[in-house]
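Work through the exercises below with the model open in your viewer.

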Amino acid sequence: MKSYTLYLFRHGLTKGNINAQYIGHTDLPLTTDSINELKSIKAKHHYPEVKALFVSPLKRAVQSADIMFPKNNKIVIDNFIEYNFGEFEEHTAEELKDNEDFKSWLHGDITARPPYGESNAEFVARICDSFEKVIDGCIKEGINDIAIVSHAGVIMTILSCYGLPEAPMAHWQMDAGYGYKLRITPSLWMRDRKIEVIDTSPVSIQKEEA
């Protein structure tokens with residue numbers, strides 16, 4: 001049976017990322033250093049060729065996709081935007097450490113939410129709904145090489161919900177400009193909504209360890 005290859009890449013860094021701020025919907029551009037780093041990664045390891053490219057609407061994802069996949073048309077998926085941190089946006093954990101709402105959210109369950117932000121449950125539902133539509137559509141159209149350029153929170157959510165081996169979000173952390181290669185087997189996807197994580201990308205974990 002035909003299988004499909006999916007790549008998930010985290011965008012390059014913004015000033016807010018470097019400053020350890022919570023950056024969700026704030027539309028910051030990449031730093032000059034990060035642009036150069038993405039170009040260096042591309043020159044050294046080469047990003048894969050894909051037939052469909054999906055991106056978050058935010059500048060940091062769009063700019064990263066332009067560097068990683070300059071030949072591809074970008075399909076913007078609004079719901080692949082990062083988490084809405086509400087009142088915590090653009091603050092650091094250090095700045096918020098004495099904030100009672102922050103403490104409750106940090107140690108809360110799936111229903112916890114920042115003031116004026118979205119709950120963890122709403123974030124997961126938003127990401128999963130759009131991701132399933134993208135994958136179902138690609139399988140229906142026979143598009144077998146796919147990339148998504150988005151945010152760390154989005155990618156870790158996708159992998160914690162759909163990835164095999166199964167692992168919590170923290171397991172799927174990745175550096176800026178890097179991500180994972182997955183294999184979609186239609187029967188496994190249709191039956192269990194699961195996708196096999198088979199390697200890191202754009203450089204294989206085996207090469208990293210060599």
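**Exercise 1. Helix α7**

How many of the eleven residues of α7 are buried?

Solution. This is a predicted model, in which local features need pLDDT of at least 70, side-chain atom pairs count only at pLDDT 80 or more, and totals for chains, interfaces and linings use all residues. Residues are numbered from 1 along each chain as its sequence is written, and side-chain values use heavy atoms, with hydrogens and water left out.

Step 1. Buried means under 20% relative accessible area, exposed over 50%, and partly exposed in between (1.4 Å probe, protein chains only). Helices (H or I, at least four residues) and strands (E, at least two) are DSSP runs, numbered from the N terminus.

Step 2. Count. Nine of the eleven residues are buried, so α7 is largely enclosed by the rest of the structure.

Step 3. List them. The buried residues of α7 are Ala-152, Gly-153, Val-154, Ile-155, Met-156, Thr-157, Ile-158, Leu-159 and Tyr-162.

Step 4. Place the helix. Helix α7 (residues 152-162) lies across β1, β4, β5, β6 (179-184) and β7 (195-201). It runs at about 140° to β1. Axes are lines fitted to C-alpha atoms, for helices over the stretch in contact; angles run from 0 to 180 degrees between N-to-C directions.

**Exercise 2. The sheet**

Give the strand order, then find the edges.

Solution. Step 1. Two strands pair if DSSP finds at least two bridges between them. The seven strands form an open sheet with mixed pairing, in the order β3-β2-β4-β1-β6-β7-β5.

Step 1. The edges are β3 (74-76) and β5 (163-164). Each has a single partner strand, so one side of each is left without a neighbour in the sheet.

Step 2. Look at one pair. Strand β2 (residues 52-55) runs parallel to β3, with three bridges between them. Leu-53 has Lys-74 in β3 as its bridge partner.

**Exercise 3. The buried face of α3**

Which residues of α3 are buried, and how are they arranged around the axis?

Solution. Step 1. Arg-60, Ala-61, Ser-64, Ala-65, Ile-67 and Met-68 are buried.

Step 1. They cover an arc of only 160° around the axis, so they lie on the same side of α3. The arc is that of the directions from the helix axis to the C-beta atoms.

Step 2. Recall the geometry. An α-helix has 3.6 residues a turn, so residues three or four places apart point the same way.

Step 3. Find the partners. The buried residues of α3 pack against β1, α2 (32-45), β2, β3 and β4.

**Exercise 4. Loop residues**

Is Thr-14 buried or exposed?

Solution. Step 1. Thr-14 sits in the loop between β1 and α1 (15-18). Thr-14 is buried, at a relative accessible area of 0%.

Step 1. Leave aside neighbours within four places in sequence. Thr-14 is then in contact (heavy atoms within 4.5 Å) with Leu-28, Pro-29, Leu-30, Thr-31 and Arg-60.

Step 2. Ala-20 is not a glycine, yet its phi is positive, about 60°. Ala-20 lies in the loop between α1 and α2 and counts as exposed at 52% relative accessibility.

Step 3. Tyr-116 also has a positive phi, about 65°, and is not a glycine. It lies in the loop between α5 (100-106) and α6 (120-141).

Step 4. A cis peptide bond joins Leu-164 and Pro-165, with omega about 10°. Pro-165 is in the loop between β5 and β6. Another cis bond joins Ser-201 and Pro-202, again with omega about 10°. Pro-202 is in the loop between β7 and α9 (205-209).

**Exercise 5. The whole chain**

What is the radius of gyration of the protein?

Solution. Step 1. The protein has nine helices and seven strands.

Step 1. The radius of gyration, taken over C-alpha atoms, is 17 Å. The globule rule (2.2 Å times the number of residues to the power 0.38) gives 17 Å for 210 residues, so the protein is as compact as a globular protein of that length.

Step 2. Of the 210 residues, 50% count as buried.
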